[in-house]
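Reader: I would like to learn how to read a model of this kind, feature by feature. Could we go through it together, with the general idea before each case?

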Amino acid sequence: MKILKKIIKRIFRFNRDEHEPDKVLVVIIGIILFCGLLVLSSASAVAAYSKFGSSYYYFIRQVIYLVLGGFLFWVFSNFDYHRWKKYAVVCLLASVALLCLVFVPGIAAGYGSARSWINIFGFGFQPSELVKIFFLIYIAAWLDRKRDLNNPGEGLVPFLSVLGIITFLMIMQPDIGTLSIIALSSLAVYFIGGGRTIYITGIIFAGLLALFMLVKIYPYQMDRFRCVMDSDYNIDKECYQLNQSLIAVGSGGFFGRGLGQSRQKFMYLPEVSSDSIFAIIAEEVGSFFSSILVVLYLIIFYRGAQIAKKAPDMFGRVLSAGIVFWVMIQTFL
């Protein structure tokens with residue numbers, strides 16, 4: 001542990017007038033990253049070899065992204081977060097521009113029935129991933145201006161206006177899953193920033209009504225709900241992935257088949273390296289270790305909430321809380 005502390009201090013090099021980094025949070029994130037790469041190397045081997053001729057294609061790609069992400073993690077850990085307030089409006093405009101790019105011919109790239117990806121020089125990218133953090137920065141900076149959130153014209157209307165723009169662009173793709181993450185994390189930020197409970201309740205009710213209407217417009221969304229309620233509904237098509245996931249989780253038992261011993265990864269379960277990765281984890285290491293993984297995420301939520309609570313100003317408190325809620329909502333959704 002002493003060696004680990006020295007490494008963390010050397011990486012962060014915090015000043016005396018700043019608090020030390022949350023070592024528990026950093027260590028838990030490191031454990032999740034390590035375990036994630038370990039399971040990915042097993043889960044994606046068959047699909048990677050079938051599609052690219054190399055069993056380690058997805059694993060190597062994620063290692064590259066991990067190195068890049070680690071570098072950015074180090075850079076922004078030494079970056080004064082107050083500087084982001086200066087670029088709040090730029091972040092909002094960038095969010096709108098990024099969501100518009102998916103409709104530009106030549107760089108727009110569809111995936112399934114949604115148009116939520118762009119392709120630049122062969123590199124696939126989902127703009128909404130940046131929108132998640134950019135939009136939170138804007139909302140946090142907006143709330144930091146000491147607005148009277150009890151006044152609808154000064155609080156509720158501006159908030160709904162910018163959220164409405166993002167919502168419209170996301171629906172046009174359509175990407176209801178990502179929209180849910182952005183909307184819920186934004187509502188959490190608005191509430192923590194001082195938004196009235198009655199307004200939050202009204203927005204949630206209106207959101208549920210809108211979701212019901214979207215399900216009617218896009219029937220495949222209704223199929224997802226039907227599969228959750230009744231996994232026997234159309235087993236060979238709409239509910240195929242769900243049923244194969246249940247088979248994977250169930251066959252894993254308490255301690256799993258063993259690392260690398262998944263059967264569902266042999267082209268039975270779709271998206272084994274992404275959407276269905278948790279099912280493979282449960283199959284290989286069992287419900288016991290899968291539950292530990294869930295607990296680790298809950299600890300991240302708790303430590304993040306403590307960081308938000310101790311933030312010295314409204315911007316830091318709201319932004320950190322928004323990031324924590326974003327990660328948790330996306331993880332469990």
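Reader: Is Leu72 buried, partly exposed or exposed, and what is its relative accessible area?

Author: Bear in mind from the start that this is a predicted model. The general idea is that a residue counts as buried under 20% relative accessible area and as exposed over 50%, with partly exposed in between. Leu72 has a relative accessible area of 38%, so it is partly exposed. Leu72 is found in helix 4.

Reader: Which residues form the nonpolar patch on the surface with Leu72?

Author: The patch is made up of Tyr56, Ile60, Ile64, Tyr65, Leu68, Phe71, Leu72, Trp74, Phe76 and Phe123, which together have about 1,000 Å² of accessible area. Helix 4 supplies the largest share of this patch, namely eight residues.

Reader: How many salt bridges does the structure hold, and where in the chain are Arg303 and Asp22, which form one of them?

Author: The general idea is that side chains of opposite charge can pair when their charged atoms come close. The structure holds five salt bridges. In one of them the side chains of Arg303 and Asp22 meet, at 3.0 Å from N to O. This pair links distant parts of the chain, since Arg303 belongs to helix 12 (residues 277–309) while Asp22 is in the loop between helix 1 (2–12) and helix 2, 281 residues apart. As for cover, Arg303 is partly exposed with a relative accessible area of 26%, whereas Asp22, with 18%, is buried.

Reader: Which residue forms a salt bridge with Lys85, and why does the pair tie together parts that are apart in sequence?

Author: The partner of Lys85 is Asp144, and the closest N and O atoms are 3.1 Å apart. Lys85 lies in the loop between helix 4 (57–77) and helix 5 (88–101), and Asp144 lies in the loop between helix 6 (128–143) and helix 7 (156–172), so the pair ties together parts that are 59 residues apart in sequence. Lys85 counts as partly exposed because its relative accessibility is 32%, while Asp144, at 17%, counts as buried.

Reader: Is Glu283 buried or exposed, and which residue meets its side chain in a salt bridge?

Author: Glu283 has 0% relative accessibility and therefore counts as buried. Its side chain meets that of Arg257 in a salt bridge, with 3.3 Å from N to O. Here too the pair links distant parts of the chain, with Arg257 in the loop between helix 11 (240–252) and helix 12, and Glu283 in helix 12, 26 residues apart. Arg257 counts as partly exposed, at 32% relative accessibility.

Reader: How many aromatic pairs does the structure hold, and how should I read the angle between the planes of Phe254 and Phe288?

Author: The structure holds 15 aromatic pairs. Phe254 and Phe288 form one that is tilted, with 5.6 Å centre to centre and 45 degrees between the planes. The reasoning rests on the cut-offs: planes under 30 degrees apart count as stacked, those over 60 as edge-to-face, and the rest as tilted. This pair links distant parts of the chain, because Phe254 is in the loop between helix 11 and helix 12 and Phe288 is in helix 12, 34 residues apart. Phe288 is partly exposed, with a relative accessible area of 36%. Phe288 also forms an aromatic pair with Phe289, and this one is edge-to-face, at 5.1 Å centre to centre and 85 degrees between the planes. Phe289 counts as partly exposed, at 41% relative accessibility. Ring pairs link Phe254, Phe255, Phe288 and Phe289 into a cluster.

Reader: Which ring does the charged end of Arg196 sit over, and where does Arg83 lie?

Author: The charged end of Arg196 sits over the ring of Tyr199, 5.3 Å from its centre. Arg83 lies over the face of Phe79, at 5.1 Å from the ring centre.

Reader: How many residues of helix 6 are buried, and how far does helix 6 reach from its first C-alpha to its last?

Author: Helix 6 is mostly covered, with 13 of its 16 residues buried. From its first C-alpha to its last, helix 6 reaches 22 Å, close to the 22 Å expected at 1.5 Å a residue.

Terms used: Residues numbered from 1 in each chain as written. Predicted model: local features only at pLDDT ≥ 70, side-chain atom pairs only at ≥ 80, totals over all residues. Heavy atoms only, no water. Salt bridge = Lys/Arg side-chain N within 4 Å of Asp/Glu carboxyl O. Helix = DSSP H or I, 4+ residues; strand = E, 2+ residues; numbered from the N terminus. Buried < 20%, exposed > 50% of the residue type's maximum accessible area, 1.4 Å probe, protein only. Patch = residues over 30% accessible without salt bridge, like charges linked within 9 Å, V, L, I, M, F, W, Y side chains within 5 Å. Areas by Shrake-Rupley, 256 points an atom, 1.4 Å probe, with all protein chains shown as cover. Expected span 1.5 Å × (residues − 1). Phe/Tyr/Trp six-rings, centres within 6.5 Å; stacked < 30°, edge-to-face > 60°. Lys NZ or Arg CZ within 6 Å of the ring centre and 35° of its normal.
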